Amino acid sequence: MATPPNPLGVDKSPEGWPNWSILIVDDEQGMRNFLVKTLVPRCHFVMSAGSAEEGADLLREQHFDLIVLDISLPGKNGVAWLKELREQGFSGEVILITAFADLDTAIEALRAGASDFILKPFRVPQILNAVKHSHERARLLRENFVLKRDKLAPRSGPSSLVGESTDMRHLRDAIDRLALVNSTVLLQGESGTGKERVARELHARSPRASGPFVPLNCAAVSPELIESELFGHAKGAFTGATRSRDGLFYYAQGGTLFFDEVAELPLSIQATLLRAIEDLRIRPVGSQQLVPVDVRIVAATNRRLADEVAAGRFRADLYYRLQVVDLSLPPLRAHKHDIPTLVAHFMGELCPLLGLEPIAISEDELRFLQQYDWPGNVRELRNLIERSLILGQLNVSALYPQLPSAPAADAPVTDLQTLEKRHILSVLESVQGDKTKAAQLLGVSRRTLERRVAEWQGA
């Protein structure tokens, strides 16, 4: 028996779980009717079955967040089926109900993986409290997964986007407007301009702020695994899939899913992602289930996606779907007047983390920093401040042990562009010309480094 989802616009009760789908498995028609009538006004989707076998058939076709399961069933009993579900990798919540139970039965149920255990007969508040606690448990498990995965990522706060330049004021104004809507946002800008910080700020100021922020670096996941990483997979979907697994869309439910370096997505996955964004439903790899999702998509790239589309490396339809709102982040060289403010901000952010005292930076040194073009943008400046705090002074030429000593007093370097060239060439020399490693040390992309070297060779 299936009860259709509540139509959009219908008010939910205060204790409702509007995104949840629930399966009721009980051989008593009266109990099924009672539970359906109780849960339909509060949940996204409710279905019911009279046996474990019927429930298994429904579960193969439809995703369920919660199963309300009677222990005494014709054929396979509820505890035995629950054990099978857990062995197969079902990660949803399960509330066991029964009219006959003792302590041993309750212990067996909890060991089998039940979230809760209720004795019949029960009243409406009892089942609603059990569902509420299961919902909260599922939320905490997702939140714990996200926190463990994201524990080293920088946190965005009210002062993350500092600076009083026109560019930064316009950026903050745009974020204030975009945070209130659910539209997809495409962030474009050079490496190190703070695209993830902007994405976190959009999330933190949005109605989704209480939900998870789940980042994915598209360049860091192998093309063979990225579909499973995003959508999850069923048991046996591929070699090594010994149990089912939820994907990042599941863990981002009610929050924001951030695609960093989205231009690196393989063409093979782009059509699937487009369908997921359009339909707000996903299909785990190897599964027939369509799982409803409620996420906001924010994507970022340091390449012009229009150029990638023209080159045939990115789907035009996905590009237009991501580009509902296109926000360009300025490079640091375009707002150098913000450098003193950024230096002070990073100093205040890093000193407590490192357990170090701030260093004094003179007006002359700040002007010196403002001469530099900062190919690594704000990330490079932050790295410089962090290393300077460790060294105890602002000394660009001492960032790496292999760098040459500072120029003699009678031949000072008066512009940072010259020092930049000397610095980059020295880093290249220190890694025996390995441009990939040198780019990582400098906090820039390999493409940026190659462009810099080509400019000097052509000069």
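Arg205 and Asp176 form a salt bridge, with their closest N and O atoms 2.3 Å apart; the term stands for a side-chain nitrogen of Lys or Arg within 4 Å of a carboxyl oxygen of Asp or Glu. Arg205 lies in the loop between helix H7 (195-204) and E8, and Asp176 in helix H6 (residues 166-178), so the pair ties together parts that are 29 residues apart in sequence. The model is predicted, so that local features need pLDDT of at least 70 and side-chain atom pairs count only at pLDDT 80 or more, while totals for chains, interfaces and linings use all residues. Residues are numbered from 1 along each chain as its sequence is written, and side-chain values use heavy atoms, with hydrogens and water left out.

**Salt bridges**

- The structure holds 29 salt bridges, and those that share partners join Asp26, Glu28, Asp70 and Lys120 into one network.
- Arg205 counts as partly exposed at 29% relative accessibility, and Asp176 is also partly exposed, at 38%; buried means under 20% relative accessible area, exposed over 50%, and partly exposed in between (1.4 Å probe, protein chains only).
- The side chains of Glu349 and Arg197 meet in a salt bridge at 3.2 Å, N to O; Glu349 lies in helix H13 (residues 339-354) and Arg197 in helix H7, so this pair ties together parts that are 152 residues apart in sequence.
- Arg172 forms a salt bridge with Glu164, the closest N and O atoms being 3.6 Å apart, and here Arg172 counts as buried at 17% relative accessibility, whereas Glu164 counts as exposed at 55%.

**Nonpolar cores**

- The largest nonpolar core has 35 residues, of which Leu230, Phe249, Leu257, Phe259, Val262, Ile297 and Leu322 touch the most other members; such a core is a set of buried Ala, Val, Leu, Ile, Met, Phe, Trp, Tyr and Cys residues joined through side-chain atoms within 4.5 Å.
- Among the elements that give two or more residues to this core are strand E8 (213-217), strand E12 (296-301) and helix H10 (267-279), and its largest share, 5 residues, comes from H10.
- A second, separate core of 24 residues includes Met47, Ile71, Leu82 and Ala112.

**Nonpolar surface**

- Leu353, Leu354, Leu356 and Ile390 make a nonpolar surface patch of about 360 Å².
- Ile390 lies in helix H15 (residues 377-391) and is exposed, with a relative accessible area of 56%; helices (H or I, at least four residues) and strands (E, at least two) are DSSP runs, numbered from the N terminus.

Technical notes:
Patches are made of residues with over 30% relative accessible area and no salt bridge: like charges are joined within 9 Å, nonpolar side chains (Val, Leu, Ile, Met, Phe, Trp, Tyr) within 5 Å. Accessible areas come from the Shrake-Rupley method with a 1.4 Å probe; for residues, only the protein chains shown count as cover.
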